[in-house]
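Please read it alongside the sequence and coordinates displayed below.

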Amino acid sequence: MIMAGPIATMMLADQGADVIKIEPPQGDLLRKLGHKHQGMSGSFLSCNRSKRSLCVDIKTAAGLDVVKKLATTADVLRLVPVSRRVLD
């Protein structure tokens, strides 16, 4: 389950889609799993190739506004899992 979103968006990015990944301030769990090189795991580096990424706190009004604006520009917008209440 942890890998489904990252792998799906990796494949879309590999095919030329403009993918923007939004991470919360505490970072993506995938960064912490496995052996790390310069603070990032091999899985994280592989799954996030060809993507643009941004750290945004979507629990704030300003952060949510940033994400809404980005959503209008990208082919794919991937949010690292958050509570559904934040997005309602």
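**Strands, core and surface**

Strand β1 (residues 19-23) and strand β5 pair in the parallel sense over 4 bridges. The model is predicted.

**Strand pairing and side-chain orientation**

- Within this pairing, Lys21 has Arg78 of β5 as its bridge partner.
- Strand β5 covers residues 76-79, and its side chains alternate along the strand.

**Nonpolar core**

- The largest nonpolar core has 8 residues: Ile20, Ile22, Val56, Ile58, Leu64, Val67, Leu70 and Ala74.
- Strand β1 and helix α4 (61-71) each supply at least two residues of this core.
- Helix α4 provides the largest share of the core, 3 residues.
- When neighbours within four places in sequence are left aside, Ala74 is in contact with Asp18 and Ile20.
- In soluble globular proteins, nonpolar side chains tend to be buried together.

**Nonpolar surface patch**

- Ile2, Leu29 and Leu33 make a nonpolar surface patch of about 250 Å².
- Leu29 counts as partly exposed because its relative accessibility is 43%, and the partly exposed class lies between the cut-offs of under 20% for buried and over 50% for exposed.

Terms used:
Residues numbered from 1 in each chain as written. Predicted model: local features only at pLDDT ≥ 70, side-chain atom pairs only at ≥ 80, totals over all residues. Heavy atoms only, no water. Buried < 20%, exposed > 50% of the residue type's maximum accessible area, 1.4 Å probe, protein only. Pairing = 2+ DSSP bridges. Patch = residues over 30% accessible without salt bridge, like charges linked within 9 Å, V, L, I, M, F, W, Y side chains within 5 Å. Areas by Shrake-Rupley, 256 points an atom, 1.4 Å probe, with all protein chains shown as cover. Salt bridge = Lys/Arg side-chain N within 4 Å of Asp/Glu carboxyl O. Core = buried A, V, L, I, M, F, W, Y, C linked by side-chain atoms within 4.5 Å. Contact = heavy atoms within 4.5 Å.
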